[in-house]
Amino acid sequence: MFGFIGVGQAGGSVADEAMKRGFHSVAINYSLSDLNSLVNVQDKLHLVGTEGVGKERSVAAKHMKNNWESSIEFIKNTMEKPSVQVIFVVFSAAGGTGSGVAPILLELLNECLTHKTIVAVPILPDSNEVLVNQMNSLELLEDLSMPETCVLPLDNQMVLSKYDGKISETRLYKETNKMFLDLIEVLLNYTDRGSKISTLDRKDLNQLFDTPGIMTIAQTDLNEFTNEGKYFDKLHDDIQKSWNNSIFTPVEFENVMRAGVILDVHEFLTEHISYNELFNVFDNKMPLDLFKGHYDKGNRAITILSGLTWINERMKQLDDLIETGNTEMKETTVYKARNRRREDLFKPKKLENKESKKTSYMEALKKLKR
Ligand SMILES: Nc1nc2c(ncn2[C@@H]2O[C@H](COP(=O)(O)OP(=O)(O)OP(=O)(O)O)[C@@H](O)[C@H]2O)c(=O)[nH]1
Ligand SMILES: [Mg+2]
């Protein structure tokens, strides 16, 4: 079974939704009001030292020295259940609390729960968000960049682009959380399902999550193939494209360590898949380990790639965004008031207006006399 630890507000929201769906979930935050707003999660750790960190990662990290022991105790008490094998640590990269606390917490977890599989799920901001959020995210990615665990970067920007940017912030967050948990549930459902050909079971799935490095999970709709609308040579292309069109950050095509492929299609399509062709976009050509699950009730493929190279392109994108945003700031100028002397304020004003009125009156009189 899977468990969730939500850190900060965004992490808490995902954990709360996960709890609603029956996953064992807990939440950690400096903000008591954020914790109180969670309705499904019962196990909450209120970090002490400050009620808010004002989006400052370093403040969040600094206060962890007073929360070290309580965090270990909380983790042990709530997450040591033997039924929980894989633990997702979900947090926003863009804020202060989750982004500052999670890297420390991940280290703690790796030390305290050595027999569990820990998966980091940072949530990356969409590019409309303010620069401070982009900077926090860049810093977080730097902090995590030599991961001891699997890192599954959920990306608000990817979900936003699915809606062509036309979705409110609140709905975007809700939708992203929902899509993420739907996908996790779909994966788990497959591992429970039998197949006469080959299955991808829980142990395979756990192995995939147990691989350090970037992970992605992508779905490909194969409807058009089963309707014979597309040629088979497009099959590999479509699946490859899905890797950069998921709800997670697009991947780099350097190394892939492990892969899981769930093919839920009519058997005739399964015969056309070549794993060599599928993975040849990677520099290392083939994963070191491959799990196959073939089912024949649906019309989709799900690929899980793990041990991928770090998301350097996404980091560069954040860096560029910050740079452009920063240079677009105009040089500050201060409004220059007209030059006047204080004593002039008290002088009687010249009657320029009256005089000009006078002349026009005189002119009118002249006209009448003509
Ligand atoms: N996908 C998703 N993203 C969210 C959600 N809530 C917030 N976000 C993202 O997280 C960012 C805000 O981070 P928070 O989670 O509020 O930050 P925090 O960890 O509580 O840290 P501070 O509030 O700065 O102390 C937003 O800018 C979004 O990028 C959510 O429910 N789902
Ligand atoms: Mg917050």
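Select K178 to begin: with a relative accessibility of 40%, this residue counts as partly exposed, because the value lies between the limits of 20% and 50%. The model on display is a predicted one, and every stop below should be read accordingly.

In general, side chains of opposite charge can pair when their charged atoms come close.

**The largest pocket**

Now select Q9, A10, S13, Y173 and N177. Of the 42 residues that line the largest pocket, these lie nearest its centre. The elements that contribute two or more residues to this lining are α1 (8-20), β2 (24-29), α2 (32-36), α5 (97-112), β5 (117-124) and α8 (169-192). Colour α1 separately, as the largest share of the lining, nine residues, comes from this helix.

The volume of the largest pocket is about 980 Å³.

Move to A218, Q219, T220, N245 and S246. They lie nearest the centre of the second largest pocket, which has a lining of 17 residues and holds about 390 Å³ of space. At least two lining residues are supplied by each of α8, β8 (213-221) and α11 (233-242). The largest share, five residues, comes from β8. Colouring this lining by class gives six nonpolar, five polar and six charged residues.

**A pair in helix α11**

Select K234 and D237 in helix α11. Their side chains meet in a salt bridge, with an N to O distance of 3.7 Å. About one helical turn separates K234 from D237, because they are three residues apart in this helix. K234 counts as partly exposed on account of its 35% relative accessibility, and D237 falls into the partly exposed class with 28%.

**The pair R341 and D344**

Go on to R341 and D344. A salt bridge joins their side chains at 3.4 Å, N to O. R341 has a relative accessibility of 47% and therefore counts as partly exposed. D344, with a relative accessible area of 29%, is also partly exposed. In the model as a whole, the count comes to 17 salt bridges.

**A histidine in a loop**

Finally, select H63, which is placed in the loop between α3 (57-62) and α4 (68-79). Is this residue buried or exposed? H63 counts as buried, because its relative accessibility of 14% is under the 20% limit. To see its surroundings, display Y30, V48, G49 and T50: H63 touches these residues, leaving aside those up to four places away in sequence.

Note on methods. Residues are numbered from 1 along each chain as its sequence is written. Chains are lettered from A and ligands numbered from 1 in the order in which they are written. This is a predicted model: local features need pLDDT of at least 70, side-chain atom pairs count only at pLDDT 80 or more; totals for chains, interfaces and linings use all residues. Side-chain values use heavy atoms; hydrogens and water are left out. On a 1 Å grid over the protein atoms alone, a cavity is a set of points where a 1.4 Å probe fits but cannot get out, and a pocket is an open set with protein on both sides within 12 Å along at least five of seven lines; lining residues have an atom within 4 Å of a point. Grid points are joined across faces, edges and corners, and a volume is the space filled by probe spheres set on the points. Helices (H or I, at least four residues) and strands (E, at least two) are DSSP runs, numbered from the N terminus. Ala, Val, Leu, Ile, Met, Phe, Trp, Tyr, Cys and Pro count as nonpolar, Asp, Glu, Lys and Arg as charged, and the others, Gly among them, as polar. Buried means under 20% relative accessible area, exposed over 50%, partly exposed in between (1.4 Å probe, protein chains only). Contact means heavy atoms within 4.5 Å. A salt bridge is a side-chain nitrogen of Lys or Arg within 4 Å of a carboxyl oxygen of Asp or Glu.
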